Amino acid sequence: MGETDKDDLISIIEEDDPEATIPTILPMMPVRDVVIFTDMLLPLFVGREKSVNAIEESISKDRYLFVATQMDPGIENPKTEEIYQIGTVSRILRMLKLPDGRVKALVQGIAKARIVKYVRKRSVFRVKIDIIEEPEYSAVDLETEALMRNVREYSEKILTLRGEYTSEVGSILTSIEDPGRLADLVASNLRLKIDESQAIIEVIDPFERLKKVNDLLFREVELSAMQAKIQSEVKDEISKNQKDYFLREQVRAIHKELGELDDRSQEIEEYKKKIKRARMSQEAKAEADKQLRRLEQMHPDSAESSVVRTYLDWMVELPWSKSTTNVIDIKKAKSVLDQDHYGLDRIKDRILEYLSVRKLNPNTKGPILCFVGPPGVGKTSLGRAIANAMKRKFVRISLGGIRDEAEIRGHRRTYIGALPGRIIQGLKQAGSNNPVFMMDEIDKLGADFRGDPSSALLEALDPEQNAEFSDHYLNLNFDLSKVMFILTANLTDTIPSALLDRMEVINLSGYTEGEKNIIAKNHLIPRQVKENGIKPRQIRFSDGALVQVINEYTSEAGLRNLERELGTLCRKVARRIAEGDKGPFQVTRHSLGKYLGPPKYYPELDKEHSQVGLSTGLAWTQVGGEVLYVEASLINGKGEMILTGQLGEVMQESARAALSYARANIALFNVKDEIFDNRDIHIHVPAGAIPKDGPSAGIAMATALISALTERPVNKDVAMTGEITLRGRVLPIGGLKEKALGALRAGINTVIIPEKNKKDLVEIPKNVKRKLKFVPVRNMDEVLEIALEPAPVKKASRAKKKTAGNRRS
């Protein structure tokens, strides 16, 4: 104990006064995890406010304190019904105030008592008690003497098994002649549960209490004997394992002298052969030999030996020097790509360029390509086609939802169940060090407290660094320079700029109606016919039915929904064949509704009439290009602007810029400036449940607004895209090809684009250019001249008659 001030340490010298009476009203302190018996000395650490108050009140008076056990030790502030009624009147012998506010008190049990009632409950428990008088034994009979002797013997036996028995303890047990005191002494030193100890203290008759303690002692002796037996067996087992290990070593030595190999030696020799066949780098071979020497010195059944075996298995099975032989035939590769995929000329040209360079320079590094496009345009299947054209192994992993850096770099071998990262696992699966390695969904990588997987990919996807890619599990450099990495994404917005900088991005915008028609005939229909067990002669699709499925049952940039609808048609026919109907079955425009139900999309529905305040914009989403309708309306108000439709901050700023342009040029539109003082302007973009953002809807918002102000309808066949400035200039946008395909699907004839986007028209397919008229513009004046129709002529007489009729009605 450290030094303390005299005020902090209160030392009380007990007075030998057997005639001292115990007050009937005492402060009460509930305790947990312990039951105090009479004559028991126990140090207590007290921290609860009520308990500290109880001790301080006891010290200030006669040092008597009633101690009772609470039923549930987990309760911080027990209620009266949660405290046992029978406890022990104790006396505080010493008390020490600790620096943290707690109190350490040494208490001694004096007598058992029962709570009659609670006098006070708030700041401190104060109770009225009734002292429990135990019957006294003037002479101990034979039964009691035998029971006491049995309790002493059991106690000595337990203490001996625990290694705690001393001659002083034996003398104390022998000196106690009162059965009640002996029962309390033994019970206080047994490792009993709270309810068992409380059950003993509540037994008033000393003989019955001693019998209960004897029963518990018998059980404790059995438990202690069983525990000692288990410890002895464990010790013997350890000795046996050591003996077995030395015997095995002797057997190995004998086999070695005889020129024979045991199982362990055969395993070591096998690893040596595999290490030699793996043709590792010098650094890797040195590490493998080091781990093999460790394995040779380990006990074969130890946990560490299994970790080393797993590591060696990975080392010898990795393709350190094993490559797929490149047989590069440019014309054959082109035919393979054309056979598997229709269109996609730009991507095919890039692959053929790489193969040509590889043919002329076999040591060139592999490219890092990233296919970006909406779902279902064939990004993943294109990777397989590239592998077939190059006659390389193909490996694919999905990165969507990965948040742990160890998924890429692997776990360190110190962790249980550690494994290499996905890249090393993929190379082992491929069995060569130059496969076509596809990483899907690169734009859906996550990041959390376990690391950033995109940062771990920086090394793997950098041609200048990946020749020495380091995996945490291997703890060695592995050459990835021969691997051709292909990544896929729906959008590049969520890809970190440092990672995007290492990739060559190739956009797959989607397919036109004509391309979908050809792909459906050549690929999708034959595949679905085969998968549904139908013979090709049993089902026929008319050209009109196929066009209607593409336009009215799907609306997508890719082909997934189209293949689903064709699969539904094939299943309907398959059921009829299975029910006994005979074919062939002809799918035409008239029978299409019977198989697929009513059309799901009506491209012409929203453009039946040119309307005032309704313009058509174009949006670029992760599922391709789509039309975006913008509505503007003037309502009575105070000149405020209302924006609805879940518009993002950039789109809201575009709407404000459009309003500022309109107000600045109000004189050009023959509209009075006072209109902004008593009218509110409401701009709404339908599909309100979908968030929208981006600057390219600026001219569409301005056109809808000016149309509402001038009451001139917007041409229903015109769509537009471009960012607007305060001076009416039209700035360039991105995703023109995707937006053009979306306009074509929606039945648009004319698309207004910024002048600076004329250079992007070379990427638009020729058949799309034939169906769409692209009009480049520089400012809003040109946009309004093309998009707005003349205002309809109002017929005053009809209007007056209609008003009069309304009044009469």
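1. Two strands are said to pair if DSSP finds at least two bridges between them. Helices (H or I, at least four residues) and strands (E, at least two) are DSSP runs, numbered from the N terminus. Both terms apply to strand 5 and strand 6, which form a hairpin with five residues between them. In the turn of this hairpin, G101 has a positive phi of about 95°.

2. On the basis of this note: the model is predicted, so that local features need pLDDT of at least 70 and side-chain atom pairs count only at pLDDT 80 or more, while totals for chains, interfaces and linings use all residues. Residues are numbered from 1 along each chain as its sequence is written, and side-chain values use heavy atoms, with hydrogens and water left out.

3. Overall form. The protein chain has 26 helices and 27 strands. Its radius of gyration (taken over C-alpha atoms) is 45 Å. Along the principal axes, the C-alpha trace spans about 125 × 105 × 70 Å.

4. Burial and contacts. Residues are classed as buried under 20% relative accessible area, exposed over 50% and partly exposed in between, with a 1.4 Å probe and protein chains only. Of the 809 residues of the protein chain, 45% count as buried. A contact means heavy atoms within 4.5 Å. Among contacts between residues at least 6 apart in sequence, 74% join residues at least 24 apart.

5. Strands around strand 6. Strand 6 covers residues 103-120 and pairs with strand 3 (residues 41-46) in the antiparallel sense over six bridges; in this pairing, V107 of strand 6 is the bridge partner of L42. Strand 5 (residues 86-97) also runs antiparallel to strand 6, and eleven bridges join the two. Here G87 stands opposite A113 of strand 6. Strand 7 (residues 125-131) pairs with strand 6 in the antiparallel sense over six bridges, with K117 opposite K128 of strand 7. A hairpin of four residues joins strand 6 to strand 7.

6. Aromatic pairs. Rings of Phe, Tyr and Trp (its six-membered ring) pair if their centres lie within 6.5 Å; planes under 30 degrees apart count as stacked, over 60 as edge-to-face and the rest as tilted. The structure holds five aromatic pairs. The rings of Y118 and F125 have centres 5.9 Å apart and planes at 65°, so this pair is edge-to-face. Both Y118 and F125 are buried.

7. Charges over rings. A charge sits over a ring if NZ of Lys or CZ of Arg is within 6 Å of the ring centre and within 35 degrees of the ring normal. R91 lies over the face of Y64, at 5.2 Å from the ring centre. R413 lies over the face of Y311, at 4.0 Å from the ring centre.

8. Nonpolar cores. A nonpolar core is a set of buried Ala, Val, Leu, Ile, Met, Phe, Trp, Tyr and Cys residues joined through side-chain atoms within 4.5 Å. The largest has 52 residues, of which I442 and L457 touch the most other members. Helix 9 (residues 303-317) gives the most to this core, with six residues. Leaving aside neighbours within four places in sequence, L457 is in contact with L399, I408, I423, M439, I442, L445 and L499. A second, separate core of 49 residues includes L382, A389, V436 and A545.

9. Helix 18. In helix 18 (residues 543-552), the residues A545, L546, Q548, V549 and I550 are buried. Their cover includes helix 17 (513-531), helix 19 (560-578), strand 16 (585-587) and helix 20 (592-596).

10. Most residues other than glycine have a negative phi. K391 has a positive phi near 55°. K391 is found in the loop between helix 12 (379-390) and strand 9 (394-398), and is partly exposed, with a relative accessible area of 40%. Q646 also has a positive phi, near 55°. The loop that holds Q646 lies between strand 20 (641-644) and helix 21 (649-664), and Q646 is partly exposed at 43% relative accessible area.

11. Position of E49. E49 lies in helix 1 (residues 49-60) and counts as exposed, at 66% relative accessibility. The C-alpha atoms of E49 and V124 are separated by 8.2 Å, although these residues are 75 residues apart along the chain.

Terms used
Rg over C-alpha atoms; globule rule 2.2 N^0.38 Å.
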